[in-house]
Amino acid sequence: MLEIRRLILLRELAIRGTLAAVAEALNFTPSAVSQQLSQLEKETGTVLLRKAGRRVQLTPQAEVLVASVGEVLDTLERAEARLKAAATRVTGTVRVAVFQSAALAFMPAALRATAARFPDVRVEMVQREPEEALRETWARDFDMVIAEQYPAHAAPHHPGLDRRDLTTDAIRLALPSPAESLHPVDSLDSARQMPWVMEPRGAASRHFAEQLCRRAGFEPDVRYETADLQAHIRLVESGNAVALIPDLVWAGRETSCRLLELTDAPRRTIFTAQRLSGAESPAARAFREILEQTVY
């Protein structure tokens, strides 16, 4: 019988890429990870890893094992969920990854409702960028993710994740008030002369914003980069920049920004995703339902 903990280490190596990353994620030392994988090779009588410069690569035999480990973990997760579903009370921990504006707009009310209705459910929240969070949920770092998808920029799909749309929100051009604006700006076309604030390269919102400006016939002067949308708002309100900001960011706050509708009225989709193997978890199911009730 193969040792499941060593098989999990092999799967983690396939996901994370390096022994050091596996060690950091699981609170091991790299040497301990290496020793456990060497022992797994002895147990299987098969070469599982080959050196490739300063890294290691999985052999085809190792890839076969990794696929099987995923199936075993899915089975164990379903078994645990069914066991908890047989109990008379809803209990358990739900680890949720969420992006900033959803954390501000949705989570406070959802957490309060969960605590009131299901006092034995513990919800742990970590802020993550959506693409990273989707992969980490697939990799079992989280039980659920609240993610976003911008127009013409599909969010990554990972096998075994159940995606459910939560809501949509409009994306508008945020401009400074006339009193704060350094230049007269009243449209996307006139915003070409202004500095822009955008999220860092690689973010779906950055891709959407740049493409929108290019279709309008100009290259935006991206003078400020930050993933913090609250910083975007302050830069616009103070007259230092313009930005494309989704409506969810304005939940629960007033602003001096002027918000202009864009041609074609683009909307961002916000959705939840969790592993299919964990769909029967009473705690995760309860929190997902409360989250949907909170939004609607």
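These are my notebook entries on a predicted model of one protein chain.

**Entry 1: the whole chain**

I began with the overall count and found ten helices and eleven strands in the protein chain. I then looked up the extent of the C-alpha atoms, which fill a box of roughly 75 × 55 × 30 Å along the principal axes. The chain has 296 residues, and 45% of them count as buried. I also checked how far along the sequence the contacts reach. Taking contacts between residues at least 6 apart in sequence, I read that 72% join residues at least 24 apart.

**Entry 2: helix 1 and its two partners**

I turned to helix 1, which covers residues 4-16. I looked up helix 2, residues 19-26, and found that its axis comes within 8 Å of that of helix 1. The two axes cross at roughly 115°, and the crossing is right-handed. From helix 1, the residues that meet helix 2 are Leu 9, Glu 12, Leu 13 and Arg 16. On the side of helix 2 I noted Leu 19, Ala 21, Val 22, Ala 25 and Leu 26. Sorted by class, this contact has seven nonpolar residues, two charged ones and no polar ones.

Next I looked up helix 3, residues 30-44, which packs against helix 1 at an angle of about 115° with the axes 9 Å apart. This crossing is left-handed. Helix 1 contributes Arg 6, Leu 7, Leu 9, Leu 10 and Leu 13 to the contact. Helix 3 contributes Gln 36, Leu 37, Gln 39, Leu 40 and Glu 43. I sorted these residues too: six are nonpolar, two polar and two charged. I noted that Leu 9 and Leu 13 are listed in the contact with helix 2 and also in the contact with helix 3.

**Entry 3: strand 5**

Which strands pair with strand 5? I found that strand 3, residues 92-98, pairs with strand 5 in the parallel sense over three bridges. In that pairing, Val 96 has Met 144 as its bridge partner. Strand 11, residues 267-275, pairs with strand 5 in the antiparallel sense over six bridges. Here I found Val 145 opposite Ala 273.

I then checked how covered strand 5 is. It runs over residues 144-149, and six of its six residues are buried. Met 144, Ile 146 and Glu 148 point one way from the strand. Val 145, Ala 147 and Gln 149 point the other way.

**Entry 4: Asp 169**

I looked for Asp 169 and found it in strand 6, residues 161-175. Is Asp 169 buried or exposed? Asp 169 counts as buried because its relative accessibility is 6%, and the cut-off for buried is under 20%. A polar atom of its side chain lies 2.9 Å from the backbone nitrogen of Leu 248. Leaving out residues up to four places away in sequence, I listed what Asp 169 touches: Pro 246, Asp 247, Leu 248, Pro 266, Arg 267, Arg 268 and Ile 270.

**Entry 5: Gln 230**

Gln 230 has a relative accessible area of 24%, so it is partly exposed. Apart from its neighbours within four places in sequence, Gln 230 is in contact with Gln 100, Leu 104, Val 249 and Arg 253.

Terms used
Residues numbered from 1 in each chain as written. Predicted model: local features only at pLDDT ≥ 70, side-chain atom pairs only at ≥ 80, totals over all residues. Heavy atoms only, no water. Buried < 20%, exposed > 50% of the residue type's maximum accessible area, 1.4 Å probe, protein only. Helix = DSSP H or I, 4+ residues; strand = E, 2+ residues; numbered from the N terminus. Pairing = 2+ DSSP bridges. Axes fitted to C-alpha atoms, helices over the stretch in contact; angles between N-to-C directions. Left-handed = near helix turned anticlockwise from the far one by under 90°. Contact = heavy atoms within 4.5 Å. Nonpolar A, V, L, I, M, F, W, Y, C, P; charged D, E, K, R; others polar. Polar contact = N/O pair within 3.5 Å; in protein donor to acceptor, adjacent residues only side chain to side chain.
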